[in-house]
Amino acid sequence: ALLSLLLTNANADQHTFKGGVDVKYTSEHHRRGEIVSQDALQTTVGVTMGVAGVDVFGDVFSSESLETGSDVLEGTIGTRVDLPGNLDLYAGLYNSNIDATGTTLEGFVSLKLDVLLQPTVAVYRDVSDDLYTYELQASHGFDLGACDLGVAAFVGTTDTTASDNVTYYATSLTASKSLRDNLDIFTNVAYSDTDDRDEEFLWGAGLTVRF
């Protein structure tokens, strides 16, 4: 419904519109420190429309397990507003449906500082239960000539029950190369760890189409 609404209004003069599709293979799918599946095929479709200085965005993400684990379907819808002091404010709703655990709907608020490393802090709250997730992320990109290199790291803590939580950490390196103006290929490696399991290394590769 979101994609249909945005596409219907994309040609209006006062609107700006952009989007993209990612298709990726990954050796493991991790979500908030949890190992959801092994060997997964993932697809992300995202769109952003600017209206009167405010961005409205939405995306749909799916992860289909090719070996063991759960399939995942996620959707996000929200807005982005520029604030004074190089700050971007994001707010919206995030829905996740995991085969093994069911559906969860959360509201979120995020602040990003548009400076070196782009530090970002986000807070998620389950709309049904008093459960919270907090994340802090930093990232940076490098133009290496032959390809672009992106580096990201984040730490988070998520409530698993009203009395228990898990702290998780991850870092990733992503190398991408543009084949055409709207087509990139990429590969990435990542490190993932939590306070209740051993560390894991994972890798992936895919392509991005922008429109």
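In the hairpin that joins strands E1 and E2, where 2 residues lie between the strands, Arg32 takes a positive phi near 50°. Strands here, like helices, are DSSP runs numbered from the N terminus, a strand (E) having at least two residues and a helix (H or I) at least four. Strand E1 covers residues 15–31 and strand E2 residues 34–51, and the two pair in the antiparallel sense over 16 bridges, pairing being assigned if DSSP finds at least two bridges between two strands.

## Basis of the description

The model is predicted, so local features need pLDDT of at least 70 and side-chain atom pairs count only at pLDDT 80 or more, whereas totals for chains, interfaces and linings use all residues. Residues are numbered from 1 along each chain as its sequence is written, and side-chain values use heavy atoms, with hydrogens and water left out.

## Salt bridges

A search of the whole structure finds 8 salt bridges, a salt bridge being a side-chain nitrogen of Lys or Arg within 4 Å of a carboxyl oxygen of Asp or Glu. One of them joins the side chains of Arg32 and Glu106, at 2.9 Å from N to O. Arg32 lies in the loop between E1 and E2 and Glu106 in strand E6 (residues 102–113), so the pair ties together parts that are 74 residues apart in sequence. Both Arg32 and Glu106 are buried, where buried means under 20% relative accessible area, exposed means over 50%, and partly exposed is in between (1.4 Å probe, protein chains only).

Another salt bridge links Arg80 with Asp82, whose closest N and O atoms are 2.4 Å apart, and Asp82 counts as partly exposed at 48% relative accessibility. The side chains of Asp114 and Lys112 also meet in a salt bridge, with 4.0 Å from N to O; Asp114 is partly exposed at 35% relative accessibility, while Lys112 is buried at 18%. Salt bridges that share partners join Asp55, Arg80, Asp82 and Asp88 into one network.

## Aromatic rings

The structure holds 8 aromatic pairs, and rings of Phe, Tyr and Trp (its six-membered ring) are paired if their centres lie within 6.5 Å, with planes under 30 degrees apart counted as stacked, over 60 as edge-to-face and the rest as tilted. The rings of Tyr94 and Tyr124 have centres 5.9 Å apart and planes at 70°, so this pair is edge-to-face. The pair links distant parts of the chain, with Tyr94 in strand E5 (residues 87–98) and Tyr124 in strand E7, 30 residues apart. Tyr94 is buried, with a relative accessible area of 9%, and Tyr124 is buried at 17%.

Ring pairs link Tyr94, Phe108 and Tyr124 into a cluster. The charged end of Arg32 sits over the ring of Tyr124, 4.9 Å from its centre, a description used if NZ of Lys or CZ of Arg is within 6 Å of the ring centre and within 35 degrees of the ring normal.

## A loop residue

Asp129 is found in the loop between strand E7 (120–126) and strand E8 (132–143), and is partly exposed, with a relative accessible area of 42%. The C-alpha atoms of Asp129 and Thr161 are separated by 9.1 Å, although these residues are 32 residues apart along the chain.
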